[in-house]
Amino acid sequence: MKNKLFMIITAILILGCCIGICYYVENYHKVYYTKIDNTKIKKLSTNDSMKYEYSLESYNEKGRKKKLKFKTSRELREGAYLHLEVRIFGVYKWMEVEFIDLPEKVQKKLK
């Protein structure tokens with residue numbers, strides 16, 4: 001009887017942990033901003049559609065710095081500002097934005 005109760009409690013705890021991890025992974029979402037520097041690009045030798053990898057210093061809305069890597073299918077415009085959406089496994093999506101659309105603390109860092 002004690003053995004069955006222990007197994008049931010263990011199964012419930014494992015299931016709860018799995019649900020919590022899935023929820024965290026699905027809802028982890030951060031936004032960073034960066035400026036394109038084409039000297040920080042690496043051409044990938046792959047058959048994939050993503051042929052280039054950027055490794056750039058990026059800033060969140062509070063001005064905290066983080067080095068992020070992301071892949072693109074083409075070289076991006078030198079000096080362009082990007083809005084990067086980051087999930088657990090890295091940059092999920094990016095889009096070009098205007099300098100005036102950047103948060104004030106980011107503007108000071110990326111001038």
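The legends below describe close-up views of a predicted model of one protein chain. Residues are numbered from 1 along each chain as its sequence is written, and side-chain values use heavy atoms, with hydrogens and water left out. Because the model is predicted, local features need pLDDT of at least 70 and side-chain atom pairs count only at pLDDT 80 or more, while totals for chains, interfaces and linings use all residues.

**View 1. Overall layout of the protein chain, with two helices and six strands.** Helices (H or I, at least four residues) and strands (E, at least two) are DSSP runs, numbered from the N terminus. From that end the elements run α-β-β-β-β-β-β-α. The radius of gyration is 20 Å, well over the 13 Å that the globule rule gives for 111 residues, so the chain is more spread out than a compact globule. That radius is taken over C-alpha atoms, and the globule rule is 2.2 Å times the number of residues to the power 0.38. Along the principal axes, the C-alpha atoms fill a box of roughly 70 × 40 × 15 Å. Of the 111 residues, 29% count as buried. Buried means under 20% relative accessible area, exposed means over 50%, and partly exposed lies in between (1.4 Å probe, protein chains only).

**View 2. Nonpolar surface patch of Leu-5, Ile-9 and Leu-13.** Together these three residues have about 300 Å² of accessible area. Leu-5 lies in helix 1, which covers residues 2-27. Accessible areas come from the Shrake-Rupley method with a 1.4 Å probe, and for residues only the protein chains shown count as cover. Patches are made of residues with over 30% relative accessible area and no salt bridge; nonpolar side chains (Val, Leu, Ile, Met, Phe, Trp, Tyr) are joined within 5 Å and like charges within 9 Å.

**View 3. Positive surface patch of Lys-30, Lys-62, Arg-64, Lys-66 and Lys-105.** Lys and Arg count as positive and Asp and Glu as negative, whereas His and the chain ends are not counted. The place of a charge is taken as NZ of Lys, CZ of Arg, CG of Asp or CD of Glu. Lys-30 is found in strand 1 and, with a relative accessible area of 39%, is partly exposed. The C-alpha atoms of Lys-30 and Lys-67 are separated by 14 Å, the two residues being 37 residues apart along the chain. Lys-66, a member of the patch, lies in strand 4 (residues 65-72). Its relative accessibility is 34%, so Lys-66 counts as partly exposed.

**View 4. Salt bridge between Arg-77 and Glu-96.** Side chains of opposite charge can pair when their charged atoms come close. A salt bridge here is a side-chain nitrogen of Lys or Arg within 4 Å of a carboxyl oxygen of Asp or Glu. By this rule the count comes to three. In the pair shown, the closest N and O atoms are 2.2 Å apart. Arg-77 lies in the loop between strand 4 and strand 5 (81-87) and Glu-96 in strand 6 (residues 90-97), so the pair ties together parts that are 19 residues apart in sequence. Glu-96 is partly exposed, at 43% relative accessibility.

**View 5. Salt bridge between Lys-93 and Glu-85.** The closest N and O atoms of this pair are 4.0 Å apart. Lys-93 is partly exposed, with a relative accessible area of 44%, whereas Glu-85 counts as buried at 14% relative accessibility. Glu-57 and Glu-85 are 28 residues apart along the chain, and their C-alpha atoms are separated by 14 Å. Glu-57 lies in strand 3 (residues 52-59) and is partly exposed, at 36%.

**View 6. Salt bridge between Lys-108 and Glu-104 within helix 2.** Both residues lie in this helix (residues 104-110), four residues apart, about one turn of the helix. Lys-108 counts as exposed at 59% relative accessibility, as does Glu-104 at 57%.

**View 7. Tyr-33 in strand 1 (residues 30-35).** Tyr-33 is buried, with a relative accessible area of 10%. Tyr-33 and Ser-58 are 25 residues apart in sequence and 5.3 Å apart in space, C-alpha to C-alpha.

**View 8. Phe-99 in the loop between strand 6 and helix 2.** At 25% relative accessibility, Phe-99 counts as partly exposed. Its C-alpha atom is separated by 9.2 Å from that of Leu-82, 17 residues apart along the chain.
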